[in-house]
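Trainee: I would like to learn how to read a structure, one feature at a time. Please go slowly.

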Amino acid sequence: MTSIQINREKITVAISMVTYNHELYISQAIEGVLSQKTNFNYKLIISDDKSTDKTSIICKEYSKKYPEKIFFTENKKNIGATNNWIKNLKICKKTNAKFIAICEGDDY
């Protein structure tokens with residue numbers, strides 16, 4: 001399964017974001033998460049389901065810019081919304097976060 005680099009500090013909230021062809025919305029969704037003022041650590045876990053637009057390129061750029069806050073994974077082939085969501089939640093669980101929040105790739 002996917003390996004994930006976790007901050008040495010404990011993560012309180014893992015944010016699950018699944019995406020597919022959200023090129024027009026994904027930046028706003030990610031920026032919405034990053035703009036939150038918190039007094040706890042969080043990790044945004046993004047899983048792209050083999051988008052055919054520029055969604056994965058945008059997500060990769062954000063994960064490179066904010067590696068301490070964002071973990072990005074993309075599927076080698078489209079596995080469908082439900083399986084992508086389950087995969088993403090399993091990665092969130094690996095963070096040992098106390099809570100998991102859900103934010104879709106077209107939410108903000």
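Trainee: Is S56 buried or exposed?

Mentor: Buried means under 20% relative accessible area, exposed over 50%, and partly exposed in between (1.4 Å probe, protein chains only). S56 counts as buried because its relative accessibility is 9%. A word on the source: this is a predicted model, where local features need pLDDT of at least 70, side-chain atom pairs count only at pLDDT 80 or more, and totals for chains, interfaces and linings use all residues. Residues are numbered from 1 along each chain as its sequence is written, and side-chain values use heavy atoms, with hydrogens and water left out.

Trainee: With which residues is S56 in contact, leaving aside its neighbours within four places in sequence?

Mentor: Contact means heavy atoms within 4.5 Å. On that basis S56 touches D48, F72 and E74. S56 itself sits in helix α2. Helices (H or I, at least four residues) and strands (E, at least two) are DSSP runs, numbered from the N terminus.

Trainee: What is the order of the strands in the sheet?

Mentor: Strands of a sheet pair through backbone hydrogen bonds, either parallel or antiparallel. Two strands pair if DSSP finds at least two bridges between them. Here 4 strands form an open sheet, ordered β3-β2-β1-β4, with parallel pairing. At the edges are β3 (70-74) and β4 (99-102), each pairing on one side only.

Trainee: Over how many bridges do β1 and β4 pair?

Mentor: Strand β1 (residues 13-19) pairs with β4 over 4 bridges, in the parallel sense. I15 has A101 in β4 as its bridge partner.
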